Amino acid sequence: MSQNKISTDKLNLYYGDNHILKDITIGIRAKAVTALIGPSGCGKSTFLKSLNRMNDLIDGVRIEGTVYLDGKDIYGPQVDVTRLRKRVGMVFQQPNPFPMSIYDNIAYGPKVHGVKSKERLDEIVEQSLRQAAVWEEVENQLRKPALGLSGGQKQRLCIARALAVEPEVLLMDEPTSALDPASTLKVEELINRLKRKYTIIIVTHNMQQAVRVSDDTAFFLLGEMVECGTTDRLFARPTDRRTKEYITGKFG
Amino acid sequence: MVRHTIEKAAEIIFSLCAFMAVAAVFSITLYMIANGLPAIFQAGWKEILFSSVWQPTAQEPSFGILYVILTSIVGTFLAVLLGVPVGLLTAVFLAETAPDSLAAVIRPAVELLAGIPSVIYGVLGMLILNPFLYRLEQKLFAGSQTHQFTGGANLLSAVIVLAVMILPTVISISETALRAVPPELKACSLALGASPVTTVFRVTIPAARSGILAAVVLGVGRAVGEAMAISLVSGNSVNLPLPFQSVRFLTTAIVSEMGYAGGLHRQVLFTIGLILFVFIMMINGILSSILKGERLE
């Protein structure tokens with residue numbers, strides 16, 4: 001087992017009076033894909049967003065417990081949230097390119113983090129688009145608006161945009177739920193290639209997808225993490241009755 | 001049967017009401033052209049549009065309104081230059097950063113600003129702005145032999161009053177545009193490690209640009225058409241539009257002279273009205289093409 005990139009210790013999250021996440025303690029392996037599964041409203045997306053502090057944006061959210069990234073608490077007083085988010089990138093459910101050119105979409109992040117040289121930006125743009133397996137499709141239209149791309153291309157563009165700031169961790173919140181099967185396949189292949197370099201955590205409501213792309217799986221239910229382990233083991237021999245019922249389709 | 005008759009009658013009444021608005025626009029257009037054009041033929045369009053001498057009541061009258069047109073253009077431009085940044089940043093504050101409690105105070109205040117009659121702006125400008133600018137003028141032009149002192153009633157006063165008057169338009173329309181930007185788009189920017197301020201300027205405002213542009217155009221329309229407030233603070237004499245000169249706008253030219261003008265002089269004032277009308281039509285054209293572009297996106 002490789003070392004944990006991220007781990008949480010008794011993470012609790014409240015939204016107003018609602019207790020959304022309950023005592024989540026989990027370790028996420030570096031350079032592996034971890035899938036978070038569970039029915040809607042189980043807290044898996046909220047958990048994902050607490051790993052790059054996107055929940056900070058919502059009024060009325062209170063967090064207790066700790067989240068460690070490379071052993072350091074990301075909710076600590078010294079933490080620069082923009083630095084953290086550069087290290088922990090995120091891909092959203094809906095592909096949301098900025099209303100600018102394909103090139104500018106990718107160059108946005110690096111520019112924000114101080115990259116000025118044109119050559120360097122060109123390099124990053126090409127490299128990121130290649131990594132996200134969308135370069136061949138867009139290399140001749142880098143100056144065209146990103147909003148003109150197809151849904152699947154947009155999502156790979158958004159992945160490229162997230163990769164452009166050279167993150168260490170990539171959080172993916174149901175990245176294929178808005179895509180057609182062909183595009184979904186492309187994104188899944190992409191995830192398989194990216195895990196050599198990045199620690200990936202993917203939220204999915206699709207159990208087949210979890211089996212296809214992930215090394216580890218954690219099952220969430222009603223704000224609790226019921227069970228986690230290697231994907232092979234969890235789907236073959238779930239230890240908890242609830243996990244078994246969920247993966248065999250008794251509820252969902 | 002009775003119900004059917006009521007339905008029919010209601011339909012006819014609705015159509016008539018709608019027709020009245022169209023008829024008004026149509027008849028105004030017709031009337032402006034019919035009354036504005038004769039002077040152009042009589043005095044010559046070059047004489048009117050490109051001469052700067054405005055002596056409508058002299059022995060040898062001259063009807064050059066070049067300075068008046070320039071004043072309207074320059075004055076509007078400067079007012080927009082001053083008012084739009086302030087209005088846009090207010091809108092950003094209201095849409096993005098203001099806590100709800102504070103926004104709940106500022107938003108009605110802005111709406112109130114829009115409801116204040118323009119003559120009140122003019123009176124306040126006279127009471128507050130003009131004396132202040134007069135003191136500034138006395139300092140700046142102390143000892144000048146050539147400067148004609150305006151007592152603070154000058155282009156600068158008018159520009160400031162106009163800038164304040166366009167604020168509500170710019171603020172409320174920009175705010176609506178900024179609020180329409182999908183929160184996910186901002187989240188994407190923040191998730192890349194951009195700060196909230198960077199996100200506003202590089203993502204939110206660019207994403208709302210067509211709405212903001214519409215706000216600017218409507219602000220221009222408001223400024224071009226304003227008469228009452230600026231007639232009180234601008235000094236009302238025909239001059240090249242420089243900050244510390246008394247000036248006359250297209251609107252104020254009509255307001256201040258229509259009461260006594262006769263003959264060709266009166267007709268030229270209608271020509272001024274026609275020019276104003278053309279300006280407003282152009283602004284509306286620009287606006288509708290912006291909005292159409294937005295819908296296509």
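Tutor: Start with α6(A): α6(A) gives the most to the lining of the largest cavity, with 4 residues. Helices (H or I, at least four residues) and strands (E, at least two) are DSSP runs, numbered from the N terminus. This is a predicted model, where local features need pLDDT of at least 70, side-chain atom pairs count only at pLDDT 80 or more, and totals for chains, interfaces and linings use all residues. Residues are numbered from 1 along each chain as its sequence is written, chains are lettered from A and ligands numbered from 1 in the order in which they are written, and side-chain values use heavy atoms, with hydrogens and water left out.

Student: What is a cavity, and what is a pocket?

Tutor: Rolling a probe the size of a water molecule over the atoms shows where empty space is left. On a 1 Å grid over the protein atoms alone, a cavity is a set of points where a 1.4 Å probe fits but cannot get out; a pocket is an open set with protein on both sides within 12 Å along at least five of seven lines; lining residues have an atom within 4 Å of a point. Grid points are joined across faces, edges and corners, and a volume is the space filled by probe spheres set on the points. Here the count is 1 cavity of 30 Å³ or more. The largest cavity has a volume of about 80 Å³.

Student: Which residues line the largest cavity?

Tutor: Among them are A:F92, A:R161, B:C188 and B:L192.

Student: What is the volume of the largest pocket?

Tutor: About 1100 Å³. Of its 34 lining residues, the closest to its centre are A:L57, B:E96, B:P183, B:K186 and B:L190.

Student: How do I read a nonpolar core?

Tutor: In soluble globular proteins, nonpolar side chains tend to be buried together. A core is a set of buried (under 20% relative accessible area, 1.4 Å probe, protein chains only) Ala, Val, Leu, Ile, Met, Phe, Trp, Tyr and Cys residues joined through side-chain atoms within 4.5 Å. The largest has 51 residues, and A:F47 and A:I201 have the most contacts inside it. Its largest share, 5 residues, comes from α7(B).

Note on methods
Buried means under 20% relative accessible area, exposed over 50%, partly exposed in between (1.4 Å probe, protein chains only).
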